[in-house]
Amino acid sequence: MKIFIPTPLRVYVGKKDAVQVNAQTVGDALDALTSQHPDLKKHLFSDEGKLRAFVNVYLNDEDVRYLPEKEATSVTETDSLSIIPSIAGGC
Amino acid sequence: MLKLSESIYNALRTHGEETYPHECCGVLLGRSHEGVNEVEEAVRAGNMRTDSAHNRYSIAPQELVRIQRQGRERGLDIVGFYHSHPDHPAQWSKTDFAEAHWIGCSYVITAVEKGVARQTNSFLLTGTSEDDKSFEDETIQVEELVAGRC
């Protein structure tokens, strides 16, 4: 499956906008991604191994945090993950 | 440097006037090369912070996914974001900084005073991680449309 990488993190994946991985679940896919590109890990995960609060992961158009099985959700070859850092602010 | 056409520049400022006294927000699609974020399209986004829209904005990640896909289909990347500061300077705030995570992207802010767009400034988010990120003032190059002659 394909994982789309946001512009700020492409420097850690050889400047690619997407990475192809083989995985059975969302969690496996993220593990495969950080195994292939270890420098990416600290930008996605806290020291406790949880996704950082401002990092959103979408399985197709669904936020993984709100899926019933979260990172244990099964994926197929035609699914895609999008890593989307939050965007917010204000005066 | 941020490069954009006059029409896009005006469009993001107008957006702030339309949503006044609330903050507007949107995404800048384009291409990044050699220190320049060149904008091809500004896409309006919804402000999720309906609880405090006069001084806060937030773009739904789901909307970003859609906009990113839209850009990808046209060979464009997310190169920045814009929002407005109603009756407040066009300067990044502590909140803007705390919530900025798209290193390498331009953050454009327009001060809208009593419904009229005033100063527009751009800030490049630099650094390598959350620990060393910082905003740098960035030049905005507005490319004027010159009418052709027959």
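Predicted model: local features only at pLDDT ≥ 70, side-chain atom pairs only at ≥ 80, totals over all residues.
**Exercise 1. Work out the layout of chain A: how many helices and strands does it have, and in which order do they run?**

Step 1: Count the elements. Chain A has two helices and six strands.
Step 2: Walk along from the N terminus, and you get β-β-α-α-β-β-β-β.
Step 3: Check the overall dimensions. The C-alpha trace of chain A spans about 40 × 30 × 25 Å along its principal axes. For 91 residues, a compact globule would have a radius of gyration near 12 Å, and the 13 Å of chain A agrees with that.
Step 4: Look at how the chain folds back on itself. Of the contacts in chain A with a separation of 6 or more, 53% are between residues 24 or more positions apart. Buried residues make up 33% of the 91 residues.

**Exercise 2. Find the buried residues in helix 1 of chain A, and say where they sit on the helix.**

Step 1: Go to residues 26–36, which form helix 1 of chain A; Val26(A), Ala29(A), Leu30(A) and Leu33(A) are buried there.
Step 2: Look down the helix axis. The buried residues of helix 1 of chain A fall within an arc of 95 degrees, so they line one face of the helix.
Step 3: See what they pack against: strand 1 (2–4), strand 2 (18–20), strand 3 (55–59) and strand 5 (80–85) of chain A.

**Exercise 3. Describe the largest nonpolar core: how many residues does it have, and which have the most contacts inside it?**

Step 1: The count is 57 residues.
Step 2: Those with the most contacts inside this core are Ala29(A), Leu81(A), Val27(B), Leu28(B), Phe81(B) and Tyr107(B). Strand 6 of chain B (residues 106–113) gives the largest share, five residues.
Step 3: Zoom in on Leu28(B). Setting aside residues up to four places away in sequence, Leu28(B) touches Val39(B), Ala42(B), Val79(B), Gly80(B), Phe81(B), Tyr82(B) and Ser106(B).
Step 4: In soluble globular proteins, nonpolar side chains tend to be buried together.

**Exercise 4. Trace the open sheet in chain B: what is its strand order, and which strands are at the edges?**

Step 1: The sheet has eight strands in the order 8-7-6-5-2-3-1-9, with mixed pairing.
Step 2: Strand 8 (134–138) and strand 9 (140–143) of chain B are the edge strands, each pairing on one side only.
Step 3: Pick one pair. Strand 7 (residues 116–126) and strand 8 of chain B run antiparallel and are joined by five bridges. Leu125(B) stands opposite Phe135(B) in strand 8 of chain B.

**Exercise 5. Decide about Gln68(B): is it buried or exposed?**

Step 1: Locate Gln68(B) in helix 2 (residues 61–73) of chain B.
Step 2: Count its neighbours. Gln68(B) has 24 other C-beta atoms within 10 Å, so it is buried, since the cut-off is 20 or more.
Step 3: Leave aside neighbours within four places in sequence, and Gln68(B) is in contact with Ser82(A) and Ile78(B).

How values were computed. Residues numbered from 1 in each chain as written. Chains lettered and ligands numbered in written order. Core = buried A, V, L, I, M, F, W, Y, C linked by C-beta atoms within 7 Å. Buried ≥ 20, exposed ≤ 12 C-beta atoms within 10 Å, placed from the backbone. Helix = DSSP H or I, 4+ residues; strand = E, 2+ residues; numbered from the N terminus. Contact = placed C-beta atoms within 7 Å. Rg over C-alpha atoms; globule rule 2.2 N^0.38 Å. Pairing = 2+ DSSP bridges. Arc of directions from axis to C-beta.
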